[in-house]
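Please read it beside the sequence and the model.

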Amino acid sequence: MTKRLTCDVVVIGAGMVGAACALYAARAGLSVALVDRGPVAGGTTGSGEGNILVSDKEPGPELELALLSTRLWTRLAAEPGVGEAIEYEAKGGVVVASSEEGRAALGEFAAGQREAGVDARAVTADELHDLEPHLAPATAGGVFYPQDAQVMPSLAAAQLLRMARRLGAELRTGWTVTAVLRTAAGEVRGIRADRGEIHAPYVVNAAGTWGGDLAALAGTALPVLPRRGFVLVTEPLPRMVRHKVYAADYVADVASGSAALQTSPVVEGTAAGPILIGASRERVGFDRSFSLPVMRALAAGATRLFPFLADVSAMRAYIGFRPYLPDHLPAIGPDARVPGLIHACGHEGAGIGLATGTGHLIARTLTGTAPDLDLTPFRPHRFADSRSSEEAP
């Protein structure tokens with residue numbers, strides 16, 4: 001056992017959300033320790049595409065959080081050396097409709113987003129091909145979202161933690177949390193891990209897909225489930241896909257609560273050259289089995305959007321698990337059932353983009369400062385009164 005550490009707050013989880021919580025807490029003047037049983041970005045973050053999106057969110061609490069997060073990402077990327085270190089690209093997103101009916105529905109969706117503060121610009125079929133010259137010709141039009149951006153997720157999580165450590169934050173990787181320490185009155189007083197104890201009056205649950213297990217260690221419940229997804233990676237290419245491009249049905253798939261397999265084409269280039277192809281969603285627990293049918297579905301969807309991809313080699317594929325909550329909103333803020341326990345998990349596939357806003361809000365909670373957003377929709381104990389019937393197959 002190592003020497004016991006005492007600090008203001010322990011953050012559990014060294015993914016993007018945990019890194020952001022550590023950074024903003026440190027910037028608020030708090031002493032921070034961050035622990036993870038694996039390496040930095042070893043979970044969902046390392047399997048992500050790095051999307052910072054407003055385009056796929058309907059008006060409501062998640063969109064408000066996304067707009068806040070987008071502003072904070074922009075500010076971080078403007079700090080000296082940060083934008084380059086995290087490979088930040090403010091490249092924008094393009095949503096494509098394949099029919100006039102789809103274009104009309106997409107236009108209506110975008111109109112609601114504009115009222116909520118999103119820059120959503122309807123584009124004709126000709127304008128769409130000005131934005132993406134290699135797009136398939138049979139498109140009816142779409143919407144351009146200049147606020148969408150991308151980072152390289154593993155680099156970004158590492159950079160945020162590097163910045164937090166410069167402010168005194170402690171990082172403990174390879175530490176498996178075995179207990180959340182509590183007083184006789186039930187208040188949090190730190191954590192016990194296989195390599196030591198850290199005492200603190202606050203513990204932040206940023207454990208991603210394992211957020212439910214961490215909650216259980218604290219004597220409470222959070223119905224986080226893993227939602228599996230695959231990404232295809234092509235050989236390096238010249239920049240032939242300029243934006244994040246996806247079909248309009250992707251938004252419906254994101255919002256769906258179905259456990260069954262769903263795929264919808266999502267294609268985007270990267271600064272390094274390879275093109276990333278998604279997206280699939282299914283709830284099969286933590287099954288890491290390779291699925292050839294999913295790969296074929298992703299490839300077919302991508303070539304429908306960009307025919308040139310039919311002649312491009314896939315270099316590899318990888319798998320990740322999104323932390324899913326039944327109402328598709330993350331759990332952010334204090335758990336009323338366990339004083340001192342604060343949740344920051346359940347962001348599903350939006351954790352990269354929503355991390356900065358989440359970290360900022362958690363820091364405000366820790367310091368007793370009024371939050372920028374109403375946290376009521378994100379309250380972790382909203383599931384307490386009715387047990388979720390959602391279970392992984």
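## The loop position V312

V312 touches T234, E235 and L237, where residues up to four places away in sequence are not counted and a contact means heavy atoms within 4.5 Å. The place of V312 is in the loop between α9 (292–305) and β18 (314–324), helices (H or I, at least four residues) and strands (E, at least two) being DSSP runs numbered from the N terminus. Although V312 and L237 lie 75 residues apart in sequence, their C-alpha atoms are 8.9 Å apart in space.

This is a predicted model, in which local features need pLDDT of at least 70 and side-chain atom pairs count only at pLDDT 80 or more, while totals for chains, interfaces and linings use all residues. Residues are numbered from 1 along each chain as its sequence is written, and side-chain values use heavy atoms, with hydrogens and water left out.

## The loop position E132

E132 is found in the loop between α5 (125–131) and β7 (141–145). It counts as buried because its relative accessibility is 0%, the classes being buried under 20% relative accessible area, exposed over 50% and partly exposed in between, with a 1.4 Å probe and protein chains only.

Leaving aside residues up to four places away in sequence, E132 touches M240, V241, R242, H243, V245 and F306.

## Packing of α1 and α6

Helix α1 (residues 16–27) and helix α6 (residues 153–166) pack at an angle of about 25°, with their axes 8 Å apart; axes are lines fitted to C-alpha atoms, for helices over the stretch in contact, and angles run from 0 to 180 degrees between N-to-C directions. The angle therefore makes α1 roughly parallel to α6, a class that holds angles under 35 degrees.

On the α1 side the contacting residues include M16, A19, L23 and R27, and on the α6 side they include P153, A157, L160 and A164.

Helix α2 (residues 61–78) has 18 residues and reaches 26 Å from its first C-alpha to its last, close to the 26 Å expected at 1.5 Å times one less than its number of residues. Its buried residues, among them L65, L68, L72 and W73, pack against α1, β4 (51–52), α3 (82–85), α6, β19 (331–334) and α10.

Helix α10 (residues 351–367) is mostly covered, with 14 of its 17 residues buried. After α10 comes G368, whose phi is positive, near 70°.

Conventions
Parallel < 35°, antiparallel > 145°, perpendicular 65-115°, else oblique.
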